[in-house]
Amino acid sequence: HLLGIMWVVLLFSFVVGTLSSRSVLGPHLVGVENPNDVNPNAAIPSFTIDRTRSQVGNPTLYPFCDSTLTNDEQVVAVSDFPKAAVGLLQGTRGTVVCNSTRFQMLLVCFDGWEYGNDNLVFCDYPSQAALTSTCAPSSYWWLSCDDVRKAGPAPPPAPSPVSPPYAPPVPPPPPPKPPLPPGAVKHWALLVAGSNTWANYRHQSDVYHAYQILRSHGIPDENMVVMHYDDIASNPRNPHPGVVINNPNGTNVYEGVPKDYIGEDVTADIMLAVLKGDKERVKGVGSGKVIDSGPDDKVFVYYADHGAPGLLGMPSGPFLYADQLNQAIRFKANHSGFKELVVYMEACESGSIFEGVLDPELHVYAVTAADDSESSWGVYCPFQPIPPPLEYDTCLGDLFSVSFLEDDDILPSNGNETMAEQFKRVHDRVSQHHTFMQGSHVEQFGNLAIGNETLRSWLSQLAVTQDD
């Protein structure tokens with residue numbers, strides 16, 4: 001019986017010794033007289049860690065913290081300067097990297113703190129190579145369980161400042177133009193967007209772009225009449241209110257556009273009266289401006305909208321028919337209303353407006369986006385190879401219009417290019433390089449000799465001697 005008691009005592013001593021040296025003490029410190037005197041936050045002393053003996057238990061679960069903390073746990077410091085950590089303030093957020101059962105402590109990596117140590121050698125791992133950490137150097141510190149607490153959810157990142165809607169800086173107004181010298185050519189322009197609604201964004205955008213080009217080359221507002229419904233710049237679907245672009249990387253073409261005739265005043269009847277110079281018809285309507293040109297003047301007419309054989313759309317009132325437009329042009333010619341008149345027309349079947357109708361003896365040159373039986377096409381549309389910015393769900397322009405407008409944009413470098421040369425360039429682009437896949441046949445009518453004049457002579461306010 002006594003022998004049995006002795007065996008029990010010996011077995012108990014063995015178990016206690018085993019737990020003391022392997023489970024509780026963790027890695028064995030070789031060359032240290034009293035391991036309990038080691039400060040894990042001090043500079044690493046000149047001793048080695050014996051990791052040849054297996055570690056007992058799960059090294060990622062910390063029983064001395066009541067098993068509430070594990071590796072990769074997010075914690076915060078509960079007081080300033082815990083365990084003499086210089087500059088480490090209460091509330092600083094960190095991540096638990098490992099534990100040491102010998103010291104009953106946790107190694108924590110603190111965000112943005114750089115006055116710590118890199119003493120990973122005390123971690124309860126078989127080898128330091130088995131420990132992976134993305135902590136910045138000198139951001140570690142050994143702490144007791146009472147020095148930290150579990151952190152709540154990470155605070156959301158500070159919101160980025162909201163960028164205001166894009167709008168390029170408004171250039172200062174140009175200086176007043178000197179009066180034209182005797183014999184100078186006065187330039188006039190009638191710009192008409194024949195549609196409305198957000199889905200037809202492109203037509204008004206095209207017209208605004210044309211206005212900016214003419215204005216930038218010196219044609220004054222008093223010599224231009226702009227007709228547009230004016231419902232896209234402030235449309236609820238416009239991601240940038242007050243801004244209209246005609247190109248994915250373009251500037252705001254709506255800036256400064258006159259509102260001569262807008263909304264319900266954009267009709268076929270008003271357009272024809274403006275073109276003929278009928279001031280009585282538009283008296284009390286819109287701005288009342290008309291194309292008041294004389295026998296030595298040049299007139300440019302640009303129209304953009306939908307069309308069909310022999311007719312053009314308008315946002316209000318009846319359609320504009322081919323015979324009405326051609327009669328108005330002949331009326332103006334018979335009343336010495338221009339020296340030359342050029343029409344650029346963006347519409348499906350737009351060739352039907354002049355085919356066999358426009359008198360080639362008149363000093364009129366017309367270019368259309370399509371022939372008399374085909375569609376014209378939008379461009380910079382969603383799902384096209386060059387789409388609009390992601391926030392736009394509509395086409396930014398029309399292929400024919402954008403082709404000649406972007407060619408005009410590069411003046412003065414191509415100032416000697418003629419309209420006939422531009423016609424060839426535009427014809428090639430709009431035909432999709434003669435494949436006609438989502439492309440059309442650009443056509444020209446009337447007095448083709450006018451096409452030999454330079455673009456500059458039509459876009460700038462020049463004297464007759466500089467003209468042809």
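**Aromatic pairs and salt bridges**

The count comes to 12 aromatic pairs, where rings of Phe, Tyr and Trp (its six-membered ring) pair if their centres lie within 6.5 Å, with planes under 30 degrees apart counted as stacked, over 60 as edge-to-face and the rest as tilted. This is a predicted model, in which local features need pLDDT of at least 70 and side-chain atom pairs count only at pLDDT 80 or more, while totals for chains, interfaces and linings use all residues. Residues are numbered from 1 along each chain as its sequence is written, and side-chain values use heavy atoms, with hydrogens and water left out.

Tyr302 and Phe404 form an edge-to-face pair, 5.5 Å centre to centre with 85° between the planes. Tyr302 belongs to strand 10 (residues 298-304) and Phe404 to helix 5 (residues 399-409), so the pair ties together parts 102 residues apart in sequence; helices (H or I, at least four residues) and strands (E, at least two) are DSSP runs, numbered from the N terminus. Both residues are buried, that is, under 20% relative accessible area, with exposed over 50% and partly exposed in between (1.4 Å probe, protein chains only). Tyr302 and Phe404 also form one aromatic cluster with Phe300, Tyr344 and Phe400.

Strand 10 also holds Lys298, which is in a salt bridge with Glu453 (a side-chain nitrogen of Lys or Arg within 4 Å of a carboxyl oxygen of Asp or Glu). The closest N and O atoms of Lys298 and Glu453 are 2.9 Å apart. Lys298 is buried at 0% relative accessible area, and Glu453 is buried at 7%. Lys298, Glu340 and Glu453 are linked in a network of salt bridges.
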